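Please open the model in your viewer and keep the selection panel at hand. The stops below are meant to be taken in order.

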Protein chains: 2
Amino acid sequence: MSLARFSINQMTVKQLSMPELVEACRELGVPGVGLWREPVQSYGVEATAKLVRDAGLAVTTLCRGGFFTAIDPDERARALDDNRAAIDEAATLGTDTLVLVSGGLPAGSKDLHGARERIADALAELGPYAAERGVRLAIEPLHPMYASDRCVVSTLAQALDLAERFPADQVGVTVDTYHIWWDDTAPAQIARAGASGRIHTFQLADWTTPLPEGVLNGRGQIGDGSIDMREWRSHVEAAGYDGPIEVELFNDALWARDGREVLAETVERFLEHAG
Amino acid sequence: MSLARFSINQMTVKQLSMPELVEACRELGVPGVGLWREPVQSYGVEATAKLVRDAGLAVTTLCRGGFFTAIDPDERARALDDNRAAIDEAATLGTDTLVLVSGGLPAGSKDLHGARERIADALAELGPYAAERGVRLAIEPLHPMYASDRCVVSTLAQALDLAERFPADQVGVTVDTYHIWWDDTAPAQIARAGASGRIHTFQLADWTTPLPEGVLNGRGQIGDGSIDMREWRSHVEAAGYDGPIEVELFNDALWARDGREVLAETVERFLEHAG
């Protein structure tokens, strides 16, 4: 058991400033971080890149691009511009993976298929731009409870149906236990993703209930919920994935605590349940 | 457009007493009701059967049996006894369909596969008992957001994998738009279910956000959300289903209103969006 493949997603301990996060990682021997655009922009993209590079920290992912489902042409153009900026930021930070939350149904629309096709259109525009900068787009299927308002891509199978229209060095998938744990077809889809080199990142969060209002900030600490982390780790490893394992929690109770303490606890839980 | 196939699930207007419900159905020309065990038991099973029979109302379903996933033998025996009672009640009420909510993970368990196998064990016990009484068990796949605490059967494919181990006059499925609308494989699974005569009931509820805490009582009024009701109706009809179409909403805002007004609104919405 080791921390060699552990990465902490910044959102898990968002109460820490960028320097506090980097310092806490150094103290605890955490080798990688997944970063988010907003705190990176606040601290400065170049300044963040220098900070993590000087600390010897790997940036395992940048979260997030996406939101490709608008119908309005101006809105679509703005989304593409924003995603090109996200790709540039990823390249500057030295990560090869931009996580995509693809977007929900536009107001008044009931057309899931059409929304998924607009995602494909955006990937066709952005894939080559990303690959030229050494960045891969990682479609994240989100739990079906987010299908209307955040992401019409609800399963690994749907994500791969989209990704496989493009080269694997342009578009792959994010495998996040929180979103797929209920799906008995997900292990086969992980094998499918691995076979074409499309598992671009592997993230952990546990499933706990009751879900909070809005269902956004109830991702459970590793070990607190219903998900067998070792089983999912074994699935991605059997599919050939040997990259970072990122813990990404959105949880009001964890955010209310001391960030260093939460990070230390997350390291312990990772070693106990997924190490 | 007609109400000939419309049925109101009692839970939608649970503020109405049994006689009020029956009277409101008569006034509005509603030909069918889906009943729940608790209010039926409160009013009396025989008394309810007589009330609805005298009013010429069809009982389209009884909700609900299930909760088959316990590991403890005593708890399992109690669940089987309770389900035999539910089957008896369905037969007395004159409905051929008992809807099953199959149960979540037992406390501390992370074994979805094992829980699904215990559901199969229970169906093997109950299927013949039900068929002898003219009652079919209708496994309801619940939205994946209920997988840990209410139902480990999250998709129509999983429900059919279970149902097809038994004769169709014993075990079929419930097709409920609320639970499956996000699933692009559901239309093919509806065709699969129809081909073996296993669509035992078809229920409507709309998907609205934000979801409330606990995610139980946010099922939207028809037309208020993201689901194309006519599209799903056309899928079940293409699969050969010509039975009742039941509207089943759990919604705190609807429950706070006058029950007859809500029933009248539901009739209008059904005709507008699914009739």
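The tour goes from an annotated domain to one helix and then to the relation between the chains.

This is a predicted model, in which local features need pLDDT of at least 70 and side-chain atom pairs count only at pLDDT 80 or more, while totals for chains, interfaces and linings use all residues. Residues are numbered from 1 along each chain as its sequence is written, chains are lettered from A and ligands numbered from 1 in the order in which they are written, and side-chain values use heavy atoms, with hydrogens and water left out.

Select residues 22-265 of chain A, which an unreviewed UniProt entry lists as "domain: Xylose isomerase-like TIM barrel"; such annotations may be inferred rather than shown by experiment. Over this range the chain is 45% helix and 17% strand, and the end C-alpha atoms lie 16 Å apart (helices are DSSP runs of H or I of at least four residues, strands runs of E of at least two, numbered from the N terminus).

Next, select helix 8 of chain B, residues 186-195, where B:Ala186, B:Gln189, B:Ile190, B:Ala193 and B:Gly194 are buried (under 20% relative accessible area with a 1.4 Å probe and protein chains only; exposed means over 50%). Viewed down the axis of helix 8 of chain B, these buried residues fall within an arc of 140°, so they line one face of the helix (the arc is that of the directions from the helix axis to the C-beta atoms). The face turned away from the buried side carries the exposed residues B:Ala188 and B:Ala195. Just after helix 8 of chain B, B:Gly197 takes a positive phi of about 65°.
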